[in-house]
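I opened this notebook page to keep track of what I looked up in one protein structure. My plan was to begin with the overall fold and then go down to single residues.

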Amino acid sequence: MATSNGGDEPFLGYVLDEQVGFLLRKAYQRHMTIFARSMIGGLTPTQFSTLFRLFAEPGPISQNALGRLVAMDAATTKGVISRLEKQGLITTERDTEDKRRYVLQSTAKGQQLIREAIPVVKGITEATLDPLTKSEREMFLKLLAKLC
């Protein structure tokens with residue numbers, strides 16, 4: 001079993017607090033706490049992004065295409081869609097051209113919730129990035145996008 005070297009020296013040349021995964025997880029936990037405290041309608045981040053993408057689409061979209069737009073695998077997308085549909089925020093229908101596919105769109109209730117939620121999520125972003133200066137925020141977001 002590995003143990004600490006007992007001092008402030010990096011253990012085997014490794015400093016956990018300087019690792020990208022560790023820091024991203026801590027930043028994500030901070031963001032999730034702010035999101036949970038602030039978000040309306042009981043939406044989770046994945047539900048919000050899914051509902052927002054549907055709101056932004058000019059018409060119905062397939063479940064597979066939606067999953068790609070929100071960077072979720074098929075199983076996760078299916079679960080999120082099911083929960084949003086139960087809340088009356090989206091509708092799912094069989095595609096008239098391809099009966100194997102489902103097409104989705106937001107309902108009037110879902111569209112209204114997104115309209116109300118957008119100022120809230122802007123505030124969540126501001127609160128998450130609050131420790132950074134304006135130029136640091138711009139650079140941070142640019143670098144994160146580059147990693148994606």
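The entries below follow the order in which I looked things up.

**Entry 1: overall fold.** I noted at the outset that this is a predicted model, and I kept that in mind for each entry. I counted the elements and found six helices and three strands in the protein, which run α-α-β-α-α-β-β-α-α when read from the N terminus. I then looked up the radius of gyration, which is 20 Å and thus well over the 15 Å that the globule rule gives for 148 residues, so I wrote the protein down as more spread out than a compact globule. Taken along the principal axes, the box filled by the C-alpha atoms is roughly 65 × 35 × 25 Å.

**Entry 2: burial and contacts over the whole chain.** I looked up how much of the protein is buried, and found that 26% of the 148 residues count as such. For the contacts I considered residues at least 6 apart in sequence, and of these contacts 50% join residues at least 24 apart.

**Entry 3: helices α1 and α5.** At what angle do the axes of α1 and α5 cross? I found that helix α1, residues 20-38, and helix α5, residues 108-129, have axes that cross at roughly 145 degrees and come within 9 Å of each other. I recorded the crossing as right-handed. On the α1 side I listed R30, H31, I34, F35 and S38, and these meet V120, V121, I124, A127, T128 and L129 of α5. Sorted by class, the residues of this contact are seven nonpolar, three polar and one charged.

**Entry 4: the aromatic pair.** I searched for aromatic pairs and the structure holds one. The partners are F48 and F52, whose rings are stacked, with 6.0 Å from centre to centre and 25 degrees between the planes. I traced both residues to helix α2, residues 45-56, where F48 and F52 lie four residues apart, or about one turn of the helix. Is F48 buried or exposed? F48 has a relative accessibility of 13% and therefore counts as buried, the cut-off being under 20%.

**Entry 5: positive phi values.** L12 is not a glycine, yet its phi is positive, at about 55 degrees. I placed L12 in the segment before α1, and with a relative accessibility of 78% L12 counts as exposed. A71 is also a residue other than glycine with a positive phi, here near 55 degrees. The position of A71 is in the loop between α3 (63-69) and α4 (74-86), and at 70% relative accessibility A71 counts as exposed.

**Entry 6: S62.** Which residues are in contact with S62, once its neighbours within four places in sequence are left aside? I first located S62 in strand β1, which covers residues 61-62. The relative accessible area of S62 is 10%, and so I noted this residue as buried. The contacts that I then listed for S62, leaving those sequence neighbours aside, are R101, Y102 and V103.

Notes: Residues numbered from 1 in each chain as written. Predicted model: local features only at pLDDT ≥ 70, side-chain atom pairs only at ≥ 80, totals over all residues. Heavy atoms only, no water. Axes fitted to C-alpha atoms, helices over the stretch in contact; angles between N-to-C directions. Helix = DSSP H or I, 4+ residues; strand = E, 2+ residues; numbered from the N terminus. Left-handed = near helix turned anticlockwise from the far one by under 90°. Contact = heavy atoms within 4.5 Å. Nonpolar A, V, L, I, M, F, W, Y, C, P; charged D, E, K, R; others polar. Phe/Tyr/Trp six-rings, centres within 6.5 Å; stacked < 30°, edge-to-face > 60°. Buried < 20%, exposed > 50% of the residue type's maximum accessible area, 1.4 Å probe, protein only. Rg over C-alpha atoms; globule rule 2.2 N^0.38 Å.
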